[in-house]
Amino acid sequence: MHDSFTAVATSDGGHSLQAAVGNTPVVRVSDPLTPSGRGFWAKLEGFNPGGIKDRPALHMVARARARGELRPGAEIIESTSGTLGLGLALAGQVYGHPVTVVTDPGLEPDVQRLLCAQGAQVDMVETAHASGGWQEARRLRVRELLAERPGSWCPDQYANPDNVGAYAPLARELVAQLGRIDVLVVSVGTGGHSAGISRVLRVHSPRLKVIGVDSTGSTIFGQPARQRLMRGLGSSIHPRNVAYGQFSEVHWVAPGEAVWACRRLTRSHYVSGGWSVGAVALVAAWAARTHSADTRIAAVFPDGPHRYLSTVYNDDYCRRHDLLGVEPADDPLAITHPTELEAVTWTRCRRVLDPLAVLGAEARR
């Protein structure tokens, strides 16, 4: 029986689609990304049908149904940059709900076609919000649709604690696969998987070091919000699910650096993924170089390469956005405070602050 969700029998005696989610493999990543004898373990969440967010999509829907918040057959409406949309399309099929995903023009055409083929309705916002960018524009559109369609339900992945709880099985899988884990390297977007995995791993490894990987132009850790090319990590709003106290440090990675790492990883290890995978691989390889050889490092790769064939792995696209030939430095630029300077290339900060908590403290003075 699957650890994450209860598998139910179908009429043909097989298991439901839920059984295809979870129990993903780990692979050792080493030379040439790391020196010989050094490396890290990558958890390949791209082996899920739609990627890592199949886990929270199924879990959030199941919990909402159990509480009576989501009625049988009611519509699910949510904002997404892509991966959660695929997960919700899966959950909609499993539980019998129509799904509408609100997205923006940055969504890869292939993902839009796939969502439509899976039965989801795609609602595209056309104008970015003045301060909150595409993310806030999508959230506002979700509110409009919820008001127009009585009985519909939104998972609210940015603040829903079930988003965090969905990743406990992934953490237990890592413990079963690797035993002791000293360093966890994770991308940060909604904050769900970084919070959910680290919370469980600390029970088994109390001295766990968690390295958060963000995108340049993201405001999650106190940097100014800018227009971002990368999707799947970073945010132009402040998701409440981010567990700031769990992080030992944060790294910001630029798009060209992520592309370089994705392609190097694909060429040398046959596994890869999108923007988040490239950024996480770059930072995890640095961690392997800078920690002792016996340090056990786990990195979470949220998806596979398939939805990025027209972007990360497309030379014409990368050339148009000046992403080719961007080889990262051996080490990130180190800053002592998140607001010291604006990160435009790979940058590291060991001081992790919750920007909203800082603003609240300043307002109370």
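Is R263 buried or exposed? R263 counts as buried, with a relative accessibility of 19%, where buried means under 20% relative accessible area, exposed means over 50%, and partly exposed lies in between (1.4 Å probe, protein chains only). The model is a predicted one, in which local features need pLDDT of at least 70 and side-chain atom pairs count only at pLDDT 80 or more, while totals for chains, interfaces and linings use all residues. Residues are numbered from 1 along each chain as its sequence is written, and side-chain values use heavy atoms, with hydrogens and water left out.

Side chains of opposite charge can pair when their charged atoms come close. A search of the whole structure finds 18 salt bridges, a salt bridge being a side-chain nitrogen of Lys or Arg within 4 Å of a carboxyl oxygen of Asp or Glu. One of them joins R263 to D315, with the closest N and O atoms 2.7 Å apart. Because R263 lies in helix α8 (residues 255-269) and D315 in helix α10 (residues 315-320), this pair ties together parts that are 52 residues apart in sequence; helices here are DSSP runs (H or I, at least four residues) and strands are runs of E (at least two), numbered from the N terminus. D315, at 37% relative accessibility, counts as partly exposed.

Helix α10 also holds R319 and D316, which are three residues apart and so separated by about one helical turn. Their side chains meet in a salt bridge of 3.1 Å, N to O. R319 is partly exposed at 49% relative accessible area, and D316 is partly exposed at 46% relative accessibility.

Another salt bridge brings together the side chains of R226 and E342, at 3.0 Å from N to O. R226 lies in the loop between β7 (209-215) and β8 (249-253), and E342 in the loop between β10 (333-335) and β11 (347-349), so the pair ties together parts that are 116 residues apart in sequence. R226 counts as partly exposed at 45% relative accessibility, and E342 counts as partly exposed at 34%. Elsewhere, K43, E45, R55 and E173 are linked in a network of salt bridges.

E136 is found in helix α4 (residues 133-148), and, not counting residues up to four places away in sequence, E136 touches H129, R143 and I237, contact meaning heavy atoms within 4.5 Å.
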